[in-house]
Amino acid sequence: MRLILANPRGFCAGVYMAIDVVDQLLDILEGEPIYVYHEIVHNLHVVNRFKNLGVTFVEDIADVPENSIIVFSAHGVSPAVREAAAGRNLTTIDATCPLVTKVHAEAIRYAKRGWQILLVGHHDHQEIIGTRGEAPDSIQVVDSVDSIASLNVDDPAKLIYLTQTTLSMDDASTIIDALKKEFPGINSPPSEDICYATTNRQRAVRVLAPECDVVLVVGSRNSSNSLRLTEIAEATGTTAFLIDDVEELSAAMVKNAESVLVTAGASAPEDLVQSLILRLIQDHGGVIEQHDIFHESVEFGLPGTLKKFMRTRDIDPEGRRITMDDMASTNRFLDDHGIPYSVVDLTVSAAG
Ligand code: SF4
């Protein structure tokens, strides 16, 4: 079997940062309760690891005892959630990805100017709920081409679309093209809202999937970007499966496959990918090729709210850095297991 590993895959800078926030708090608080509003990132294993370490996840601020510490997830929250937290005198640590915050800022800015905002995304996704909450009277969510017919637009000259950060680029383009047809004067966001990590992982799958018999995407079913990777692989004509971990791999998934592409959503930990690689090599033999499509260098520091909190505990935040080394950790893993691999440099740009 030819096992192709898509680079980049897995954790993005925002997910690293959000997970690191909770890990740092666990270290600092030494047993004090930690609450997280919504899943810190959409991955079962990440959430279960934190639950096992004593972290409590809530979907309603009313479930958090007054004066507690609450972390907002990477997906961001609406002002109503922030107000509810303030009302319970909670100490809030904001792990919202800066690229989500950017979309919030755009929504606030255009709503203040009196513009209407068409927010392309999935109604029930946490990120859309948070962004829409910034200006609910000015924002309408567009989740399909069909939903455009029911939009209420007062002045087409004061209209802008924004998007969820983790959409399929193809799906978003289809909806945006339809919006431009319906409202020729609609404005585009000042900069691309679909984030670098989503874009790079999708492009890697689009390049690599056609030459493979099967695509395995490691990620959870509530992870938007993992679902999109699976759909994109299928759109290239290659059978694709979304699996949470190696335990969900079945022999039937890779039956008769001569080449298998492995990738992972932006919230899927690399150790899950490593376990999958090991199982595939043990059961089927073959060669591993790491195909580099993009080299990423985006990193986010600790959020300001966490740094401020650390200082209240006499901890210097400067000494605490986030380390991103997924790809290097997999190379070490393969070396440790005596599994040879080659690297194929297909880098098309240094995007992100
Ligand atoms: S997928 Fe993009 S927007 Fe979401 S956390 Fe990662 S970098 Fe941020």
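**View 1. Helix 1 gives the shell around the ligand its largest share, three residues.** The model is predicted: local features need pLDDT of at least 70, side-chain atom pairs count only at pLDDT 80 or more, and totals for chains, interfaces and linings use all residues. Numbering starts from 1 along each chain as its sequence is written. The ligand is surrounded by 15 residues, with Cys12, Gly14, Cys97, Thr165 and Cys195 the closest (C-beta atom, placed from the backbone, within 6 Å). Helix 1 (13-29), helix 4 (98-112) and helix 7 (196-208) each supply at least two shell residues. Helices are DSSP runs (H or I, at least four residues), numbered from the N terminus. By class, the shell has 10 nonpolar, five polar and no charged residues. Nonpolar means Ala, Val, Leu, Ile, Met, Phe, Trp, Tyr, Cys and Pro; charged means Asp, Glu, Lys and Arg; the others, Gly among them, are polar.

**View 2. Helix 9 (residues 270-284) packs with helix 11 (residues 326-336) at about 30°.** Their axes lie 10 Å apart. Axes are lines fitted to C-alpha atoms over the stretch in contact, and angles run from 0 to 180 degrees between N-to-C directions. The two helices are therefore roughly parallel (angles under 35 degrees). Glu270, Val273 and Gln274 of helix 9 meet Asp326, Ser329, Thr330 and Phe333 of helix 11 (C-beta atoms, placed from the backbone, within 7 Å). This contact has two nonpolar, three polar and two charged residues.

Technical notes: Angles under 35 degrees count as roughly parallel, over 145 as roughly antiparallel, 65 to 115 as roughly perpendicular and the rest as oblique. Two residues are in contact if their C-beta atoms, placed from the backbone, lie within 7 Å.
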